[in-house]
Each structure stands twice: as structure tokens, then as C-alpha cells.
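Please look over the model below before reading the notes.

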Amino acid sequence: MFDLKKIRANFPILQREVNGKPLIYFDNAATSQTPQVVIDAIVDYYSSYNANIHRGVHTLSQEATDAYEQARLKIQQHFNAKKVHEIIFTSGTTHGINLVATGFTSLLKKDDEIIVSLLEHHSNIVPWQMLCERTGAKLKVIPINQKGELLLDEYDKLLSTKTKLVFVNHVSNALGTINPIKEIITKAHNVGAAVLIDGAQAAPHIKADVQALDADFYVVSAHKMCGPTGVGILYGKEEWLNKLPPYQGGGEMIKEVTFEKTTYADLPHKFEAGTPNICGGIAFGVALDYLNAIGFDTIAAYEKELLDFATQQLLTIDGVKIYGTSTQKTAVLSFNIEGLHPYDIGTIIDKLGIAVRTGHHCTQPIMDFYNIPGTIRASFSFYNTKDEIITFVKAVERAKNMLL
Ligand SMILES: *Cc1c(COP(=O)(O)O)cnc(C)c1O
């Protein structure tokens, strides 16, 4: 069962102090902390089999290649991709999105339409704007309601035979809203559009099944799910990955090179130019094993308990306004206190050892929608506790009293 004390002991960083107080880490939506098994995998790689992959005949290279490809298999199974070569290693979500957005340059024409949502992270807005600039395609935006939910009726109106691509995040990093992506995908497919789901914020909490969702692309970053930074994956349906041209040229992605003509390697290597983050890929596999051993249902149930408790506690403070009030949300609590700047609260509670994010969270359109400069965002993980939440709420109240 869920043994919180044991789980916390897996994370060495949770033992440290910040400004003389025990660390309370509530910035999990920005990056998650790293369990000892993942740290051990990284140390083990560099201590015993660090080598370049897919090239050498020597033992170390073979061991590294085997471990890296083993990780790809684990990731395939985790997301239930049909084929292992549909998993492309990337440096993270942003890289995966740019790979697809660049690839579509040759597949779009003027006046084609691309739909994104107002809930997107900048990394799922800017690459599409750049794609529109290159191709003359137009960007359309699915609006939201006050609760921070997508307006699906409006989405229906935006869809047409001109729609070629739809990009939506599975979970909003600023508000925590879980979007109805299955429905969004089905509707896009009805007009013949492809769909990319930004799973960066969902992956730590929800186990996505890319076949059941029928997603064309799904992207994640390892560092938000107990893995290291600098690695992630792009899942793409085989037929789409075959249609897209390579993103970068270099070693590993070729079959044959002459100055007259170069032929490209088969999937997944066509999209994996250069030496990848070998250690990171292997450690990502270990992080997935770690999360699956706890169980995603267990994680989701406990995090929901934390969210409900924190919401109720926080609302006892006068002047608190919470942004993102959908019933379908992950453990993200974005809020402001009337008359106070989020940054000032964040700075004071940091002195008390509490890490939260303040600002626009790379989602300026959402902040514009609510007409605010930013929020304080507390985002919880399965290794957080209710006692930490009580300390946090007291700290926010204290900060408020100091500032007002
Ligand atoms: C974190 C995040 C990203 C960007 O991920 P990187 O790891 O910085 O590439 C994109 N979208 C969402 C929803 C995120 O939460």
C-alpha cells in the first residue's frame, strides 16, 4: 500500500533544509524531484558503462546500447505505443513539439488552419506561430470559461476541412485543468486533422494510452516525472513519422551519405541525429519503473486528497482567489491574494523554506484572460504531505499580514 514515510525516504532532497527550515517543495509542475533509484542509475551509468551507443563493437558500447534500447521498450509499454520505433527520444517536450512543427512545414499550404487552445504553454504556441509564418497557415484558438475549461462548442465551430492540425495539452500547467483530449482527438479526426497532445503536465499523474486515445503525437519530458532533465520522448504514429522529414541532420540519422545524395535511417533513428542523452534515457526508464511500482491510480487518488485539503485550507484565508476550478484537475493550486503581488508572497515564503512558482508560468494568454500579471502556483506530488500544506497555508497567511 501507500507508505508515505517510505516514499519520502526515497527522495534525498526532501531531507534538506532551506533557510534553516525543512524544505517544502511545492513546485512539482515545474520539475519533480528525483528518487534515489534514478540517482543510482545515473551514477551507475557513468561509473560502469559510459560509452557511445549504436556504434562500437566493444562491450561497454553494447551494454550502453542495450540499456538505452531497453528504456525505449519500457517507454513504449508505459504509453502503450503499438511499435517501439514510434518512440523518439528527444531533449524534452519543447524539442518534441518543435520537431513536429518544423516537419509540417512541407505538409501545409497557405490558408490551412491550425487549432491550439488558450490553455497552452508558450512552448505549444510559439512553434505553431513560427510554422504559420513559414507556410501562411492560420492559427485559431479554443477559448476557455472562467473555471479554466475549454469551450468545446467553440472548438466545434473552429473545426472545418481547412483544419490540418490540432494542438492541445492533456493537462494545463498553470491551472491543472485536465482536458477532454479523447473527445478533442475524435472531433479533429472527423475533419481529417492530426492531433498533437502536450502530455508534459499529465504524464506524472495520468498514465496515457496513446492507442486508446488515438493520438497522432504525444510529447513528454522526463524531468516532470521523477527523471532527469534534458530527456523526453515524442510518440508519433508510424505513418506520421514516415511522412515527416528529418528534423536535424547528423550522425545516427543516415543510412548512406555521399555528396550527391544522403538517404535517411529508419525510424526511430531518422529523428535522432547526434549522440543522445544516453544516461538520461536509461534513467527515464528507471523513473517509469519507480512510478509504476507505486501505481498511477494510487498516485492520482492521493494527490487528489492533497488538492482537496489544500484548496479547503487556503480558502480559509480572506481575499484568496483560486484560478482553475474545474472538477477535472490535477494537484495544481494557482491563486492570488487581493491587493498583493504574487512575487512578494513567493519571496517571503521562500524564507520559510517553501518552494512555489510565481509569475505567468509560461502561459501569458491565460493570465491575460483573467486580467492578472501572474499567480502563486503550489503544485503537489505524491511525496508531499498534509502537514506541509498546513505549514504552507500558515506561511501564506503570515506573508499576507506582513504585506498588508
Ligand atoms: C513543462 C511544460 C512544457 C515544457 O517542457 P520542457 O521540459 O521545458 O520542454 C510544455 N508544456 C507543458 C504543459 C508543460 O507543463
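How many bridges join S14 to strand S17 (residues 375–379), and do the two run parallel or antiparallel? There are 4 bridges between S14 and S17, and the strands run antiparallel. This is a predicted model, in which local features need pLDDT of at least 70, side-chain atom pairs count only at pLDDT 80 or more, and totals for chains, interfaces and linings use all residues. Residues are numbered from 1 along each chain as its sequence is written, and side-chain values use heavy atoms, with hydrogens and water left out.

- Helices (H or I, at least four residues) and strands (E, at least two) are DSSP runs numbered from the N terminus, and two strands pair if DSSP finds at least two bridges between them.
- Ser334 has Arg377 as its bridge partner in S17.
- Strand S13 (residues 320–323) is also joined to S14 by 4 bridges, again antiparallel, and Ile322 stands opposite Phe335 of S14.

**Burial of S14**
- Buried means under 20% relative accessible area, exposed over 50%, and partly exposed in between (1.4 Å probe, protein chains only).
- S14 (residues 332–337) has 6 of 6 residues buried, so the rest of the structure largely encloses it.
- In a regular strand, side chains alternate between the two faces of the sheet.
- Val332, Ser334 and Asn336 are buried on one side of S14, and Leu333, Phe335 and Ile337 on the other.

**Helix H10**
- In H10, 14 of the 17 residues are buried, so this helix is largely enclosed by the rest of the structure.
- At the start of H10, a side-chain oxygen of Asn277 comes within 2.7 Å of the backbone nitrogen of Gly280.

Key: A polar contact is a pair of N or O atoms within 3.5 Å; within protein, one must be able to donate a hydrogen and the other to accept it, and residues adjacent in sequence count only if both atoms are side-chain atoms.
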